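Subject: Structure handover

Hello,

Here is the structure for you to look over. My notes on what turned up follow below it.

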Amino acid sequence: MAFGLGRVCEHEGDLERAAHWYRRAAESGHAGAALRLGAVLGRLADARSADESAEDLLAEATRWLSGVQAATTPDAIELITDMLNRHQRLAARRGLEPTATG
C-alpha cells in the first residue's frame, strides 16, 4: 500500500510525500520502492543543489540504490548511473564555489 501511495504522490509532483511513502515500503523490503526512492531523492537533491541538504539526499539515495537486490536490472543500472552523475555535478559545483579568505 505504501508503494502505491508513493507512486500517486510522485505522479502528483509531491516528491517529499512520495519519498516518505517509498521509504516506508522500502524499509519493508519492497525492492521497487527502494529504486523509486533513490530516483525521487535524486530529483529532490537536484532541486536543492544550492543548499547542503542535496548532499545528504544523494547519500541516502545511493544507500538505497546500492542495497537493492535487483540492482542489475536495466532500470536500476540507469538510476545508479544517474546518481553517479548527480554526485559528479554536485562535486563540480562545490569546486566552483568561491572560498572564503581572511
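Contacts between residues 24 or more positions apart make up 46% of the contacts in the protein chain with a separation of 6 or more. Please keep in mind that this is a predicted model. The chain has 102 residues, and 34% of them are buried. Its secondary structure amounts to five helices and zero strands. Along the sequence the pattern reads α-α-α-α-α.

**Helix pairs**

Start with α1 and α2. Helix α1 covers residues 2–11 and helix α2 covers residues 15–27. Their axes lie 8 Å apart, at an angle of about 160 degrees. Angles over 145 degrees count as roughly antiparallel, so α1 and α2 are roughly antiparallel to each other. Their crossing is left-handed. On the α1 side, the contact uses Ala2, Phe3, Leu5, Gly6, Arg7, Cys9 and Glu10. On the α2 side, the partners are Leu15, Arg17, Ala18, Trp21, Tyr22, Arg24 and Ala25. The residues of this contact of α1 with α2 split into nine nonpolar, one polar and four charged.

Next come α2 and α3. Helix α3 spans residues 31–47. The axes of α2 and α3 come within 8 Å and cross at roughly 150 degrees. That angle makes α2 roughly antiparallel to α3. The crossing of α2 and α3 is left-handed. From α2, the contact takes in Leu15, Glu16, Ala18, Ala19, Tyr22, Arg23, Ala25 and Ala26. From α3, it takes in Ala33, Ala34, Arg36, Leu37, Val40, Leu41, Arg43 and Leu44. The residues of the contact of α2 with α3 divide into twelve nonpolar, no polar and four charged.

Leucine 41 sits in helix α3. Is leucine 41 buried or exposed? Its relative accessibility is 1%, so leucine 41 counts as buried. Setting aside residues up to four places away in sequence, leucine 41 touches Ala19, Arg23, Leu57, Glu60, Ala61 and Trp64. For leucine 41 and tryptophan 64, the C-alpha atoms are 9.7 Å apart. Those two residues are 23 residues apart along the chain.

Helix α4 runs over residues 53–66, and glutamate 60 is part of it. Why does glutamate 60 count as buried? Its relative accessibility is 15%, and buried means under 20%. Which side chain does the side chain of glutamate 60 make a polar contact with? The partner is the side chain of arginine 23, at 2.8 Å. Leaving aside neighbours within four places in sequence, glutamate 60 is in contact with Arg23, Leu37 and Leu41.

Alanine 61 is also in helix α4. Alanine 61 counts as buried because its relative accessibility is 0%. Not counting residues up to four places away in sequence, alanine 61 touches Gly38, Leu41, Gly42 and Met83. The C-alpha atoms of alanine 61 and methionine 83 are separated by 7.7 Å. Along the chain, alanine 61 and methionine 83 are 22 residues apart.

Tryptophan 64 lies in helix α4 too. At 22% relative accessibility, tryptophan 64 counts as partly exposed. Which residues does tryptophan 64 touch, not counting residues up to four places away in sequence? They are Arg23, Ala26, Glu27, Ala34, Leu37 and Leu41. The C-alpha atoms of tryptophan 64 and alanine 26 are separated by 8.2 Å. These two are 38 residues apart along the chain.

Valine 68 is in the loop between α4 and α5, with α5 at 74–96. Its relative accessibility is 7%, so valine 68 counts as buried. Leaving aside neighbours within four places in sequence, valine 68 is in contact with Ala31, Ala34 and Leu35. The C-alpha atoms of valine 68 and histidine 30 are separated by 9.1 Å. Along the chain, valine 68 and histidine 30 are 38 residues apart.

**Places to look at in the viewer**

- The polar contact between the side chains of glutamate 60 and arginine 23.
- Leucine 41, with contacts that include Ala19, Glu60 and Trp64.

Best wishes

Key:
Residues are numbered from 1 along each chain as its sequence is written. This is a predicted model: local features need pLDDT of at least 70, side-chain atom pairs count only at pLDDT 80 or more; totals for chains, interfaces and linings use all residues. Side-chain values use heavy atoms; hydrogens and water are left out. Helices (H or I, at least four residues) and strands (E, at least two) are DSSP runs, numbered from the N terminus. Buried means under 20% relative accessible area, exposed over 50%, partly exposed in between (1.4 Å probe, protein chains only). A polar contact is a pair of N or O atoms within 3.5 Å; within protein, one must be able to donate a hydrogen and the other to accept it, and residues adjacent in sequence count only if both atoms are side-chain atoms. Contact means heavy atoms within 4.5 Å. Axes are lines fitted to C-alpha atoms, for helices over the stretch in contact, and angles run from 0 to 180 degrees between N-to-C directions. Angles under 35 degrees count as roughly parallel, over 145 as roughly antiparallel, 65 to 115 as roughly perpendicular and the rest as oblique. A crossing is left-handed if the near helix is turned anticlockwise from the far one by less than a right angle, and right-handed if clockwise. Ala, Val, Leu, Ile, Met, Phe, Trp, Tyr, Cys and Pro count as nonpolar, Asp, Glu, Lys and Arg as charged, and the others, Gly among them, as polar.
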